[in-house]
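Q: I have the model open and want to go through how it packs. Can you take my questions as they come?

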Amino acid sequence: LEKQDTIQSEILDCLYESSRVENIKCWLRLLNTRKIPKDYFFFVFKQPLIKSDSVLFDLQTTLESITDKHILGELVRALSGRTDQKSIDIITTLLKNKSSTVRYWTAITVENNNSDKFKDVEISKLIKQGLEEGNTPDE
């Protein structure tokens with residue numbers, strides 16, 4: 001895996017569909033360190049381990065490092081329900097992302113989160129703006 005420039009979708013899928021935490025962590029590292037095929041996609045809801053505490057650090061690290069708007073837009077959904085400060089900081093940053101896709105999916109992720117941290121005026125405004133913009137194509 002280390003020598004490939006672009007990682008194959010099949011390898012990513014095998015790791016993502018695994019029931020082992022170590023493989024999910026490896027998948028997150030690959031998203032973070034390798035070129036991903038342009039047509040690669042996944043759904044957070046299909047992998048319950050992605051929301052687990054055991055991969056939270058790796059998830060947060062990946063969300064802070066990657067720039068692909070489609071992967072960010074889907075991966076941020078794994079932070080749904082999170083109220084820890086690091087997740088709040090990542091969500092706040094992604095609500096300001098240049099991509100309307102990322103802003104929209106981040107807003108969707110936190111719109112029903114009852115944490116007081118999301119009732120902050122600035123964050124509430126960003127959530128509302130992200131929802132209003134919708135998932136519009138980026139220029």
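Predicted model: local features only at pLDDT ≥ 70, side-chain atom pairs only at ≥ 80, totals over all residues.

Q: Fine. Is S9 buried or exposed, then?
A: S9 has 17% relative accessibility, which is under 20%, so S9 counts as buried.

Q: Which helix is S9 in?
A: S9 is placed in helix 1.

Q: And what is S9 in contact with, leaving aside its neighbours within four places in sequence?
A: With those neighbours set aside, S9 contacts P37, D39 and Y40. There is also a distance for S9 and I36: the two are 27 residues apart in sequence, and their C-alpha atoms are 7.7 Å apart in space.

Q: Changing topic to rings. How many aromatic pairs are there in the whole structure?
A: A search of the whole structure gives seven aromatic pairs. In one of them, Y16 and W27, the ring centres are 4.3 Å apart and the planes are at 40 degrees, so this pair is tilted.

Q: Where do Y16 and W27 lie?
A: Y16 is in helix 1 and W27 is in helix 2, so the pair ties together parts that are eleven residues apart in sequence.

Q: Are those two buried or exposed?
A: Y16 is buried at a relative accessible area of 5%. W27 also counts as buried, at 0% relative accessibility.

Q: What about F43 and F45, what kind of pair do they form?
A: F43 and F45 form a tilted pair, 5.5 Å centre to centre with 35 degrees between the planes. For accessibility, F43 counts as partly exposed at 32%, and F45 counts as exposed at 61%.

Q: Which residues do ring pairs link into a cluster?
A: Y16, W27, Y40 and F42 are linked into a cluster by ring pairs. Y40 has come up already, as a contact of S9.

Q: On to helices. At what angle do the axes of helix 2 and helix 3 cross?
A: Helix 2 covers residues 21-33 and helix 3 covers residues 56-65; their axes cross at roughly 10 degrees and come within 9 Å. That angle makes helix 2 roughly parallel to helix 3. The crossing of helix 2 past helix 3 is left-handed.

Q: Which residues meet there?
A: From helix 2, K25, L28, R29, L31 and N32 meet D58, L59, T61, T62 and S65 of helix 3. By class, this contact has three nonpolar, four polar and three charged residues.

Q: How do helix 3 and helix 5 pack?
A: Their axes are 11 Å apart, and the two helices pack at an angle of about 25 degrees. Helix 3 is therefore roughly parallel to helix 5. Helix 3 passes helix 5 in a left-handed crossing.

Q: And which residues meet in that one?
A: L56, Q60, L63 and E64 on the helix 3 side meet K86, S87, I90 and L94 on the helix 5 side. Sorted by class, the residues of this contact are four nonpolar, two polar and two charged.

Q: Now helix 6. How many of its residues are buried?
A: Helix 6 runs over residues 100-110, and nine of its eleven residues are buried, so it is largely enclosed by the rest of the structure. The buried residues are S100, T101, V102, R103, Y104, T106, A107, T109 and V110.

Q: What do they pack against?
A: The buried residues of helix 6 pack against helix 4 (69-75), helix 5 (85-94) and helix 7 (121-133).

Q: Take helix 7. How does helix 6 cross it?
A: The axes of helix 6 and helix 7 cross at roughly 120 degrees and come within 8 Å. The two are therefore oblique to each other, and their crossing is left-handed.

Q: Which residues meet?
A: S100, R103, Y104, A107, I108 and V110 of helix 6 meet I127, G130, L131 and E133 of helix 7. The contact has six nonpolar, two polar and two charged residues.

Q: Last one: where is K69 found, and what does K69 touch?
A: K69 is in helix 4 and is partly exposed, with a relative accessible area of 28%. Not counting residues up to four places away in sequence, K69 touches S99, T101, V102 and D138. The C-alpha atoms of K69 and D39 are separated by 12 Å, and the two residues are 30 apart along the chain.

Technical notes:
Residues numbered from 1 in each chain as written. Heavy atoms only, no water. Axes fitted to C-alpha atoms, helices over the stretch in contact; angles between N-to-C directions. Helix = DSSP H or I, 4+ residues; strand = E, 2+ residues; numbered from the N terminus. Parallel < 35°, antiparallel > 145°, perpendicular 65-115°, else oblique. Left-handed = near helix turned anticlockwise from the far one by under 90°. Contact = heavy atoms within 4.5 Å. Nonpolar A, V, L, I, M, F, W, Y, C, P; charged D, E, K, R; others polar. Phe/Tyr/Trp six-rings, centres within 6.5 Å; stacked < 30°, edge-to-face > 60°. Buried < 20%, exposed > 50% of the residue type's maximum accessible area, 1.4 Å probe, protein only.
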